[in-house]
Amino acid sequence: MTKQAKFAAGRNIAMKVPPHQYEATVHFYRSVLGLKEITEHAPAIGFEFGSNNLWIDRVPGISQSEIWLEIVTDDISVAADQLKVPGVVRCDDIEPLPDGFQAFWISSPSSIVHLVCNENESWS
């Protein structure tokens, strides 16, 4: 029997924001909603969002905000093979990952970007 990777929702949500909306977006979550800021990964700006982490990323060259989600798996190699199915696009060039980081990028059929990473690679 072929091993199947297990997938689960990760704790991290990234909001990719164009530069002209970045400061107002950070202000909204920090000052208007008053969410607790995550400071241990500075200069990254994040907020506690229920049981999740919401990261606000300034991204030059985009015209509107995007939401990117995290999926964790118990076996990154098996997951990579398992996700070679129609409708799942690998998009590793979308954003560089740190050397040695056990993860890759995919897009859902509805163009939502997902970081797929080993369970122990996820920022908590």
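Two strands pair if DSSP finds at least two bridges between them. Helices (H or I, at least four residues) and strands (E, at least two) are DSSP runs, numbered from the N terminus. This is a predicted model, in which local features need pLDDT of at least 70, side-chain atom pairs count only at pLDDT 80 or more, and totals for chains, interfaces and linings use all residues. Residues are numbered from 1 along each chain as its sequence is written, and side-chain values use heavy atoms, with hydrogens and water left out.

View 1. S1 and S4 run parallel, joined by 6 bridges. Here Met15 has Ile56 of S4 as its bridge partner.

View 2. The protein chain holds 2 helices and 8 strands. Along the sequence they follow the pattern β-α-β-β-β-β-α-β-β-β. The C-alpha atoms fill a box of roughly 55 × 30 × 25 Å, taken along the principal axes.

**View 3. S2, S3 and S4 are joined by antiparallel pairings.** S2 meets strand S3 (residues 45-49) over 2 bridges. Ile38 has Gly46 of S3 as its bridge partner. S3 and S4 share 5 bridges. Gly46 also has a bridge partner in S4, namely Trp55. The hairpin of S3 and S4 has 2 residues between the strands, and Gly50 takes a positive phi near 65° there.

View 4. Contact means heavy atoms within 4.5 Å.

**View 5. S5 pairs with S8 in the parallel sense.** The two strands share 5 bridges. Glu70 stands opposite Leu115 in S8. Glu119 lies in the segment after strand S8 (113-118). Leaving aside neighbours within four places in sequence, Glu119 contacts Val72, Thr73 and Asp74. Glu119 and Leu33 are 86 residues apart along the chain, and their C-alpha atoms are separated by 30 Å.

**View 6. Ser107 is buried in strand S7 (residues 103-107).** Its relative accessible area is 13%. Buried means under 20% relative accessible area (1.4 Å probe, protein chains only). Beyond neighbours within four places in sequence, Ser107 contacts Gly87, Val88, Val89, Cys91, Ile112 and Val113. Across the protein chain, buried residues make up 37% of the 124 residues.

Technical notes: Buried means under 20% relative accessible area, exposed over 50%, partly exposed in between (1.4 Å probe, protein chains only).
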